Amino acid sequence: MTAMHTMADALIATENRYVAHNYAPLPVVAASAQGAWITDVEGRRYLDCLAAYSAVNFGHRHPEIIATAHAQLDAVTLVSRAFHSDQLAPFCEALAGLCGKDMVLPMNSGAEAVESGIKVARKWGADVKGVDGPRIPNIIVAHNNFHGRTTTIISFSDDDTARRGFGPYTPGFRSVPFGDADALARAIDDDTVAVLLEPIQGEAGIIVPPDDYLPRVRALCTERNVLMIADEIQSGLARTGRTFACDHWGVVPDVYLLGKALGGGVIPVSAVVADRDVLGVLHPGEHGSTFGGNPLASAIGRTVVGILERGEFQRRSAELGAHLHARLTALTGNGVLAVRGRGLWAGVDVDPALGTGKQVGLRLAERGVLVKDTHGSTLRFAPPLVITADEIDWAVDRFAEVLS
Ligand SMILES: Cc1ncc(COP(=O)(O)O)c(C=O)c1O
């Protein structure tokens with residue numbers, strides 16, 4: 001792609017030497033970005049069709065978000081939760097309103113929101129449901145889930161790469177096939193405190209469940225007095241054409257886990273959002289984070305909620321997503337085996353004879369389009385929602401070239 005001894009080569013070599021090898025990135029070295037485009041250190045432009053795993057839903061350096069960040073940098077950035085700030089209350093009030101819930105627990109990364117959701121569910125189980133003392137609470141999760149990479153979260157992953165060598169694992173989880181409500185019903189017992197699911201599984205390859213699945217999960221959770229926790233960290237905040245992926249099925253979970261785009265592509269902002277009868281189980285000292293809910297994060301999060309309240313990006317994702325899916329589906333039989341997803345979120349299974357997802361992604365990067373493989377020969381298209389129809393056409397044309 002580039003001549004040897006370019007600035008990019010030098011930076012990649014230095015990165016390989018000094019940065020832990022827990023990722024295997026494409027050889028593109030970003031120097032700046034705007035909207036849906038990334039420019040590398042050699043001045044080459046790439047259409048970003050990953051959007052930092054949906055953390056950049058509103059585009060790189062969205063002007064309103066950047067203006068908020070600048071203004072807040074000049075006011076106050078961090079006080080910890082030892083004191084109040086004038087940014088935390090308006091942010092949490094707005095986010096609770098967007099979710100139709102009573103309260104917010106602000107955190108930073110997605111994995112922290114998941115960990116926090118698990119703690120809240122266990123505490124709710126102990127304090128409200130009475131799963132305490134000799135009774136051991138269990139939480140039901142789905143096969144092929146991805147909720148992050150902390151010790152507890154990988155304990156219920158079935159991805160061997162994420163797990164192997166990192167034991168001992170946290171007990172208290174049961175995994176059932178995603179999309180199988182009967183299996184879920186059989187797994188629930190008197191000590192089940194929560195069901196934790198991605199409404200559409202992202203890292204598994206953008207897997208959309210059968211239409212009756214989430215409504216049945218909702219009904220089961222209500223019947224059995226179990227919390228339904230929706231991990232909308234990747235699927236939420238306009239990515240699928242609705243504010244939450246659960247909205248496609250008219251389902252309201254008890255607990256939303258949010259992250260990624262909540263930080264506007266600027267700063268990690270995550271949250272657990274639920275009603276008072278759930279989040280009210282937390283008392284001072286039982287959970288916390290030095291950075292969670294800091295003024296800079298809160299100001300940015302409040303602006304992100306304001307953008308979502310206008311609905312513009314939900315509409316763009318729905319309309320342009322239909323276009324993206326139509327264009328990708330038309331490649332079926334020409335190197336594409338299947339296309340799944342909702343809105344501007346597509347999982348594309350490429351004929352393995354044409355290479356792994358990683359190899360196809362490399363060839364696309366050479367043509368100026370950045371995508372990421374999920375597993376095997378599956379690619380994910382998840383561009384910033386500011387992308388235009390012409391840019392989608394351009395990206396899919398490059399993809400068609402790579403496939404031929
Ligand atoms: C559904 C889901 N949950 C949780 C996470 C973890 O988020 P983070 O990487 O910010 O810890 C991810 C990240 O990809 C995710 O897709």
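In what order do the 4 strands of the open sheet lie?

**View 1. The open sheet of the predicted model.** The strands follow the order β1-β2-β3-β13, and their pairing is mixed. At the edges lie β1 (30-34) and β13 (369-370), each of which pairs on one side only. Within the sheet, β2 (residues 37-40) and β3 (residues 45-48) are antiparallel to each other and are joined over 3 bridges. Ile38 is placed opposite Tyr46 of β3.

View 2. Which residues of α14 are buried? They are Glu391, Ile392, Ala395, Val396, Arg398, Phe399 and Val402. Because these residues cover an arc of only 155° around the axis, they lie on the same side of α14. In general, an α-helix has 3.6 residues a turn, so residues three or four places apart point the same way. The cover over the buried residues of α14 includes β3, α12 (312-329), α13 (357-366) and β13; two of these elements, β3 and β13, also belong to the open sheet. On the other side of α14, Ala389, Asp390 and Glu401 are exposed.

**View 3. Ser404, in the segment after α14.** Is Ser404 buried or exposed? Ser404 is exposed, because 9 other C-beta atoms lie within 10 Å. Ser404 and Ala82 are separated by 322 residues in sequence and, from C-alpha to C-alpha, by 59 Å in space.

View 4. Most residues other than glycine have a negative phi, and most peptide bonds are trans. Gly167 and Pro168 are joined by a cis peptide bond, with omega at about 0°; Pro168 belongs to the loop between α7 (160-163) and β6 (173-176). Arg61, in the loop between α2 (51-54) and α3 (63-73), has a positive phi near 55°. Arg61 has 16 C-beta neighbours inside 10 Å and therefore counts as partly exposed. In the loop between α3 and α4 (88-99) lies Ser80, whose phi is also positive, near 70°. Ser80 counts as partly exposed, with 13 C-beta neighbours inside 10 Å.

Note on methods: Residues are numbered from 1 along each chain as its sequence is written. This is a predicted model: local features need pLDDT of at least 70, side-chain atom pairs count only at pLDDT 80 or more; totals for chains, interfaces and linings use all residues. Two strands pair if DSSP finds at least two bridges between them. Helices (H or I, at least four residues) and strands (E, at least two) are DSSP runs, numbered from the N terminus. A residue is buried if 20 or more other C-beta atoms lie within 10 Å of its own, exposed if 12 or fewer, and partly exposed in between; C-beta atoms are placed from the backbone. The arc is that of the directions from the helix axis to the C-beta atoms. Two residues are in contact if their C-beta atoms, placed from the backbone, lie within 7 Å.
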